[in-house]
Amino acid sequence: MEVLVALVVAGVLGLFLFGLRRRLIQRPGGTFDCSMRAAPAEDADPGGKGWVYGVARYSGDRVEWFRVFSYAPRPRRVLERPAIEVLGRREPQGSEELALLSDAVVLRCEHKGARLELAMSDDALTGFLAWLEAAPPGQRVNVA
C-alpha cells in the first residue's frame with residue numbers, strides 16, 4: 001500500500017513539475033507550439049518519424065525551443081535570426097498528419113548549415129515569418 005501511495009505521489013509531482021516548467025517558459029510571453037525535426041534528405045520518405053513536440057519562445061534575435069516532455073530548464077535548441085534561412089513550406093504528408101498538431105504547416109529551414117523542419121499553426125507561422133522579416137537594418141534575412 002505504501003509503495004502504491006509513493007508511486008501516485010511521484011506521478012502527481014512529475015505532472016506538476018511539467019506544468020510548472022511550461023508555465024515558467026511561457027511567463028515572459030512570445031511562445032508558440034512548435035514541433036521540430038532534422039530535415040530528411042530530399043529523396044527520403046521518413047513519414048512522421050523524428051518529430052519532437054515542443055514550445056518555442058521569442059527572445060530578442062533568437063528563438064529558444066524547449067521539448068515539452070522534459071524537465072530541463074534550458075532550451076534544447078536556439079535559433080538565431082540572422083542564421084535562419086527559410087527554404088520553403090508545405091502541408092504535412094502521410095503519417096505526418098498523425099505526428100503533428102491538426103492545423104500544422106511544415107516550414108523547411110536551414111540554420112548554420114543544418115537543415116531542419118519546424119511545424120506550427122498557420123497563425124504561429126505568420127508571426128514567425130514576420131519576426132524573421134523584422135530583423136534590424138543590415139541583417140541578412142532569407143525567406144522563401
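A: Helix α3 lies across strands β1, β3, β4 and β5. Its direction makes an angle of about 30 degrees with β3. Keep in mind that this is a predicted model.

Start with the strands under discussion. The four of them form an open sheet, in the order β1-β3-β4-β5. The pairing is antiparallel. Strands β1 (31-33) and β5 (77-80) stand at the edges. Each has a single partner strand, so one side of each is left without a neighbour in the sheet. On average, neighbouring strands here are turned by 25 degrees against each other, direction ignored.

Now zoom in on one pair. β1 pairs with β3 (residues 54-59) over three bridges, in the antiparallel sense. For T31, the bridge partner in β3 is R57. In general, strands of a sheet pair through backbone hydrogen bonds.

Back to the helix. α3 covers residues 122-133, and W131 is found in it. Is W131 buried or exposed? With a relative accessible area of 11%, W131 is buried, because the cut-off for buried is under 20%. Which residues does W131 touch, leaving aside its neighbours within four places in sequence? The contacts are Y58, G60, D61, R62, V63, L79, R81 and I84. Take G60 from that list. W131 and G60 are 71 residues apart in sequence. In space, their C-alpha atoms are 9.8 Å apart.

Next comes F128. Again leaving aside neighbours within four places in sequence, F128 is in contact with F32, Y58, V63, I84, L107, L118 and M120. Y58, V63 and I84 are also on the contact list of W131.

F128 leads us to the nonpolar core. The largest core has 21 residues. L118, M120 and F128 have the most contacts inside it. Which elements each supply at least two residues of this core? They are β4 (62-67), β6 (84-90), β7 (104-111), β8 (114-121) and α3. α3 gives the most, with six residues. There is also a second, separate core of five residues, which includes W51, L100, A104 and V106. As a general rule, nonpolar side chains tend to be buried together in soluble globular proteins.

Strand β7 also holds H111. At 5% relative accessibility, H111 counts as buried, because that value is under the 20% cut-off. A polar atom of the H111 side chain lies 2.9 Å from the backbone nitrogen of E80. Beyond its neighbours within four places in sequence, H111 is in contact with R77, V78, L79, E80, A83, I84 and L116.

Finally, step back to the whole protein. The secondary structure comes to three helices and eight strands. Along the sequence, the pattern is α-β-β-β-β-β-β-α-β-β-α. The protein has 144 residues, and 34% of them count as buried.

Definitions and conventions
Residues numbered from 1 in each chain as written. Predicted model: local features only at pLDDT ≥ 70, side-chain atom pairs only at ≥ 80, totals over all residues. Heavy atoms only, no water. Helix = DSSP H or I, 4+ residues; strand = E, 2+ residues; numbered from the N terminus. Buried < 20%, exposed > 50% of the residue type's maximum accessible area, 1.4 Å probe, protein only. Contact = heavy atoms within 4.5 Å. Core = buried A, V, L, I, M, F, W, Y, C linked by side-chain atoms within 4.5 Å. Pairing = 2+ DSSP bridges. Axes fitted to C-alpha atoms, helices over the stretch in contact; angles between N-to-C directions. Polar contact = N/O pair within 3.5 Å; in protein donor to acceptor, adjacent residues only side chain to side chain.
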